[in-house]
Amino acid sequence: MAAEGQQHPLKIYWIMWGALFVLSAFSYATDFMDRGALRHFLILLFMFLKAGGIVWIFMHMGWERLALKFAILGPPVAILVLIWLMAYEGFYVEDTRVESFGESTFVPETPHH
Amino acid sequence: MSEAVIEPTGGAGVVHDWSRDKQVFGVPWGKAMMWIFLLSDTFIFSCFLVGYMMVRISTTDPWPNPSEVFGLTVMGQSVPLLLIAIMTFVLITSSGTMALAVNMGYRKDRKKTFWLMLATAVLGATFVGMQAFEWTKLILEGVRPWENPFGAAQFGSSFFMITGFHGMHVSAGVIYLLIVAFRVRNGFYEKRGGNYEIVEIAGLYWHFVDLVWVFIFAFFYLW
């Protein structure tokens, strides 16, 4: 199949295109919510749906053989370890900063346009 | 493929592809190499985003609120993230035209492929233009890689680094698309056996740029 190229009915591209617009609108809508667990969950949900659609349909990964899927999509899983390590380290650094230098005294300006 | 071989799929297919005395991935080498390049690029962007996460967690200063920093005032009304939302839609539109271009390429419809790729490149250039506008606006408001009036200094460094590197990818993609598009039009690939796999390979790169924006939008602008 791969040797003949990735040829698929146009309909699936139109559906994916439309879905991306709708999901992006949902993503944008989360900006009107208060920061909290629900907002962060929805940001991640719409992000992964969009990313999955782009990789699976637009980049044709869904039609590739499993050997290629594993080779390309497997290694990025290691990034989860990096995220965990750096988040752990980040909270530790913040704690030591507060302990050594005290809380921030920065007075931010409000952006105005 | 000249002979009709029934190839196993799923887990058995993975073993079959790796253990036979042949090329492992049944795709043109250009496409396999593009995928491997994109995999390495994934790690680069991940490092930037993880670095951004780390500095945002570890700073004691308040983090600037992106929906205010990137807001625009339209007819006296402040709309959060307006420019970023428009940029997102421009990039998604270009993703769709690119996907259609790949399809038309395989149908050997050179005219439609050319115009769709040209539209993709124009939308990409529009995106970069809007990004230049955004950078100018922020710089005029006093945002620098080392300080900004709205909160933690690390905001500026992450912002310029991440969006700058992404914008560079978009700019490179525009040039790449234009080269391939004009070669499609002038029949360059006809002399090479009429193989339009290159359109799909260019498309992979373009969709990847869009993919990275999905993550930047979620983590930098919305989080």
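**Entry 1: α2(B) against α7(B)**

I listed the residues where α2(B) meets α7(B): Gly30(B), Lys31(B), Met34(B), Trp35(B), Leu38(B), Asp41(B), Phe45(B), Leu49(B) and Tyr52(B) on α2(B), with Glu197(B), Ile198(B), Glu200(B), Ile201(B), Leu204(B), Tyr205(B), Phe208(B), Val212(B), Phe215(B), Phe219(B) and Phe220(B) on α7(B). I count two residues as in contact if their C-beta atoms, placed from the backbone, lie within 7 Å. By class, this contact has 15 nonpolar, one polar and four charged residues. Ala, Val, Leu, Ile, Met, Phe, Trp, Tyr, Cys and Pro count as nonpolar, Asp, Glu, Lys and Arg as charged, and the others, Gly among them, as polar.

This is a predicted model: local features need pLDDT of at least 70, side-chain atom pairs count only at pLDDT 80 or more, and totals for chains, interfaces and linings use all residues. Residues are numbered from 1 along each chain as its sequence is written, and chains are lettered from A and ligands numbered from 1 in the order in which they are written.

I then looked up the packing geometry. The axes of α2(B) and α7(B) are 10 Å apart, at an angle of about 15 degrees. Axes are lines fitted to C-alpha atoms, for helices over the stretch in contact, and angles run from 0 to 180 degrees between N-to-C directions. α2(B) is therefore roughly parallel to α7(B) (angles under 35 degrees).

**Entry 2: chain B against chain A**

I checked the contact between the chains. Chain A puts in 52 residues and chain B 58. On chain B, α1 (10–19), α2 (29–58), α3 (66–69), β1 (72–74), α4 (82–106) and α7 (197–222) each supply at least two residues of the side that touches chain A. Helices (H or I, at least four residues) and strands (E, at least two) are DSSP runs, numbered from the N terminus. α7(B) gives the most, with eleven residues. That side of chain B has 34 nonpolar, 17 polar and seven charged residues.

**Entry 3: Ala51(A)**

I picked one residue of chain A. Ala51(A) sits in helix α2 (residues 37–58) of chain A. Leaving aside neighbours within four places in sequence, Ala51(A) is in contact with Leu211(B) and Val214(B).

**Entry 4: chain A overall**

I found four helices and zero strands in chain A. The radius of gyration of chain A, taken over C-alpha atoms, is 21 Å, well over the 13 Å that the globule rule gives for 113 residues, so chain A is more spread out than a compact globule. That rule is 2.2 Å times the number of residues to the power 0.38.

How values were computed: Angles under 35 degrees count as roughly parallel, over 145 as roughly antiparallel, 65 to 115 as roughly perpendicular and the rest as oblique.
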